Amino acid sequence: MLRNLVSLSLFTATASASYAFYVGKNLTKDGSVMVGGTGEEVSSHWLQLFPAKDHAANATVSVGVTEDAEIPGEIIEIPQVNHTFRYLSMEYSDFLGFPAPLTNGGLNEKGVAVRDVWASNRDDLVAMTPTPQRGVQYSDLARLVMERASTAREGVELIGRLVEEYSEATYGGNTHLIADKDEGWVVWEMAGGQKLWAAERLGKNDIRVLYPGYIQEFPLNFTDHPDYMGSPNIVSFAVDQGWWDPDGSKPFNIFEVYGYTGDGRSAREGGFKYMSQKQLEDATRAMVPVTEENMMERVRDPRIADDQAGYGQVVSLHEGTPSSLLRIWIAPTGSLAAPFVPWWLGVQKVIPEFGLHRYLYDRASGTFLNTDYQLQEASVFAGRIFKRLLYYMCSAPETLHPVVTQMLEGFEKESAKDIQWVEAAASELLSKGEDDAAHSLLTYYSNSRAEKALALGQTTAAALDGFIKLSGNWKGPEGSDINSPSGKETVNCLIGHNPDKWEPKTRSRSEL
């Protein structure tokens with residue numbers, strides 16, 4: 001079963017993957033470190049703010065996976081810290097049986113951004129994973145970094161300590177991209193129950209795309225190298241297993257030693273979906289100096305963004321930004337069909353339409369609603385609105401995709417103009433000690449902009465509904481199974497479903 005799980009995750013049409021972009025500060029137009037990406041999970045996604053919190057001296061936190069996970073496990077308790085930071089995250093409810101709520105990461109009040117990305121390990125390493133497995137799983141690690149890390153390096157060190165002390169509860173291998181205003185790090189947590197992990201620093205001239213995550217050549221003296229970290233056994237275990245010969249001519253390469261290399265796979269030529277990591281990195285480098293608008297274009301590229309994308313995120317990390325003014329752009333479902341809305345860490349609430357709903361929530365089809373969520377569920381759900389827009393748009397992509405894309409980009413361009421006065425006004429209020437007023441301003445703008453995004457989605461979906469029906473292009477289903485079989489193509493907007501023939505129908509951001 002474990003071997004099948006690893007192989008399944010490598011198919012082009014895998015339903016659960018996630019991707020991340022990193023651009024160093026020398027390669028961005030405003031000198032920020034820039035991060036973008038999405039989570040690719042079937043389940044519902046919602047936006048949630050988590051306030052800073054103090055905890056009792058004996059407090060604990062539950063981590064791990066249950067017996068329902070693909071590789072069954074047990075939940076364990078680990079000590080909580082005295083104080084956790086404020087952070088903003090897109091949450092979701094299910095991945096391979098892992099317990100809800102889950103997160104791929106987000107942004108915390110210290111300016112640390114986290115992205116979680118799959119990274120399959122070699123079959124024989126996955127097969128070593130003990131059952132029931134115990135440890136800290138990928139979502140736990142992302143959440144704990146947001147709660148506890150003040151810098152990207154601290155986040156890496158935290159993951160290392162947690163894995164070495166408690167092990168990792170795995171689904172077959174995983175990476176995290178952690179970034180702050182100065183640098184980024186790729187951390188690869190290995191399957192197998194051997195407490196293996198490795199990390200590589202990304203600097204100011206680097207571009208990295210994780211899809212899946214990867215680390216290549218790794219120094220043997222990594223403990224003395226500022227750009228690398230890892231578990232004490234990361235080299236010796238590979239030697240003991242005969243996976244790497246220290247007397248041979250090949251350098252120690254994390255991907256080649258611990259990654260999945262079947263079917264001719266290589267670190268940057270993964271062949272996943274329709275673009276490899278190398279192609280995505282080259283496309284990003286061609287945009288240098290990269291802007292936030294450029295990053296949005298990369299994240300919503302239809303060759304990687306489709307029905308699987310649960311949301312979109314873009315964040316720029318600057319020197320000297322007050323915690324309240326840390327900003328992250330979020331599309332409430334896949335950004336191919338949804339606009340990015342700016343949210344600040346100073347925002348005090350999120351409108352209910354962007355919050356938790358039962359659409360695609362784990363076990364929703366077999367249970368009735370908890371009465372506590374009655375009004376929440378009565379509100380319109382952003383995820384459902386923009387899924388409708390996606391399905392309408394991609395039914396005739398050559399006609400509808402460029403029109404919808406222009407509208408989404410126009411909406412974001414308006415937001416970008418507003419940001420200048422919003423942040424200037426909020427900064428002035430903060431400088432005068434009027435924090436509550438600054439937070440009220442940020443809350444009002446983000447939530448009102450989210451409401452306008454909803455209106456745009458509803459109006460556009462209604463218009464496309466009318467266009468498709470009145471133009472005689474409605475087509476009912478021919479099959480009897482509404483659920484797509486595993487490994488099959490999902491809804492996308494590739495023209496004629498051929499990525500080699502796809503070209504942007506709108507001008508690039510640099511031309512606008």
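Two strands pair if DSSP finds at least two bridges between them. Helices (H or I, at least four residues) and strands (E, at least two) are DSSP runs, numbered from the N terminus. This is a predicted model: local features need pLDDT of at least 70, side-chain atom pairs count only at pLDDT 80 or more, and totals for chains, interfaces and linings use all residues. Residues are numbered from 1 along each chain as its sequence is written, and side-chain values use heavy atoms, with hydrogens and water left out.

**View A. Strands 1 and 2 pair in the antiparallel sense.**
Strand 1 covers residues 19-23 and strand 2 covers residues 33-38. They share 5 bridges. Tyr22 has Val35 in strand 2 as its bridge partner.

**View C. Phe50 and Tyr87 form an aromatic pair.**
Rings of Phe, Tyr and Trp (its six-membered ring) pair if their centres lie within 6.5 Å; planes under 30 degrees apart count as stacked, over 60 as edge-to-face and the rest as tilted. The Phe50 and Tyr87 centres are 4.5 Å apart with planes at 10°, so this pair is stacked. Phe50 lies in strand 3 (residues 45-50) and Tyr87 in strand 8 (residues 87-92), 37 residues apart.

**View D. The charged end of Arg122 sits over the ring of Trp243.**
The rule requires CZ of Arg or NZ of Lys within 6 Å of the ring centre and within 35 degrees of the ring normal. For Arg122 the distance is 4.1 Å. Lys469 sits likewise over Trp474, 5.2 Å from the ring centre.
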